[in-house]
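Please examine the sequence and the three-dimensional structure shown below. The paragraphs that follow lead through the structure step by step.

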Amino acid sequence: AEVRVDPAMLVHPDDLPQLRQAWAAAFARGEPLDAQCRLRRATDGTFRWHVGRAVPERDEGGSVIGWIVTAADIESQKRAEDEYARVVERERQAREEAEAANRAKDEFLATLSHELRTPLAAMVGWTGMLRSGNLSPEKSRKALETIERNAKAQAVLIEDILDVSRIITGK
């Protein structure tokens, strides 16, 4: 006995246009159709994902005389796939955030290194000139002032670093 069901009553509205197009192509070619779509459950009217196959039934001459259609509920598989996709997306975001934090840390360390080396270079340079003993009293005074100023600047930088460290560790 032939059973006719209105696809609009059975297939989820979002899936119907694509399924109709695929069905029309399979019907025109007389070839099997494999599809996934959400079908309405007869028991409670909810939609669940199914994988379906429609195979043409042929007579001895090869003409299509009907179609045999099967469908299997794959709702739990679809939910697992969706959850997996969400987990993969969260991991991707976490990886991007970690990479951005790493880049920020590298940039911070590069800046910090530069900020610490600049006063240190001045102190080392002036100390070397003082050791040579070839500086005038005025130049020696300037050397000592420069060393002191740069040492204080470096101390402030180090204290700032320690403050940030205390903030980060909650102390």
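Begin with the residue L16: which residues does L16 contact, leaving aside its neighbours within four places in sequence? Its partners are P7, A8 and V11, where contact means heavy atoms within 4.5 Å. The model is a predicted one, in which local features need pLDDT of at least 70, side-chain atom pairs count only at pLDDT 80 or more, and totals for chains, interfaces and linings use all residues. Residues are numbered from 1 along each chain as its sequence is written, and side-chain values use heavy atoms, with hydrogens and water left out.

L16 also belongs to the largest nonpolar core, which has 10 residues: V11, L16, L19, A26, L33, A35, C37, L39, A54 and W67. A nonpolar core is a set of buried Ala, Val, Leu, Ile, Met, Phe, Trp, Tyr and Cys residues joined through side-chain atoms within 4.5 Å. Here buried means under 20% relative accessible area, exposed means over 50%, and partly exposed lies in between (1.4 Å probe, protein chains only). Helix α2 (16-29) and strand β1 (33-40) each supply at least two residues of this core. The largest share, four residues, comes from β1. The names of these elements follow DSSP: helices (H or I, at least four residues) and strands (E, at least two) are DSSP runs, numbered from the N terminus.

The strands may be considered next. β1 and β2 run antiparallel and are joined by eight bridges; two strands pair if DSSP finds at least two bridges between them. Within this pairing, D34 stands opposite R53 in β2. The hairpin of β1 and β2 has six residues between the strands, and G45 there takes a positive phi near 80 degrees. β2 is also joined to β3, by nine bridges, and these two strands run antiparallel. V55 has I68 in β3 as its bridge partner. In the hairpin of β2 and β3, five residues lie between the strands, and G62 takes a positive phi near 95 degrees. In a regular strand the side chains alternate between the two faces of the sheet.

Charged side chains supply another set of links. Side chains of opposite charge can pair when their charged atoms come close. The structure holds 15 salt bridges, a salt bridge being a side-chain nitrogen of Lys or Arg within 4 Å of a carboxyl oxygen of Asp or Glu. One of them joins the side chains of R38 and D15, at 2.8 Å from N to O. This pair links distant parts of the chain, since R38 is in strand β1 and D15 is in the loop between α1 (7-10) and α2, 23 residues apart. D15 is buried, with a relative accessible area of 11%.

A salt bridge also joins R48 and D73, with 2.6 Å from N to O. It too links distant parts of the chain: R48 lies in strand β2 (residues 47-58) and D73 in strand β3 (residues 64-73), 25 residues apart. D73 is partly exposed, at a relative accessible area of 39%.

In helix α3 (residues 75-132), E89 and R92 lie three residues apart, about one turn of the helix. These two residues form a salt bridge, their closest N and O atoms being 2.4 Å apart. E89 counts as partly exposed, with 31% relative accessibility, and R92 is partly exposed, with a relative accessible area of 31%. A network of salt bridges links E83, R86 and R90.

Helix α4 (residues 137-169) holds I167, and A143 is found in helix α4 as well. Is A143 buried or exposed? A143 is buried, with a relative accessible area of 0%. Apart from residues up to four places away in sequence, A143 touches W126, L130 and L135. I167, by contrast, is exposed because its relative accessible area is 67%. The C-alpha atoms of I167 and R149, 18 residues apart along the chain, are separated by 27 Å. For A143 and R131, 12 residues apart along the chain, the C-alpha atoms are separated by 11 Å.
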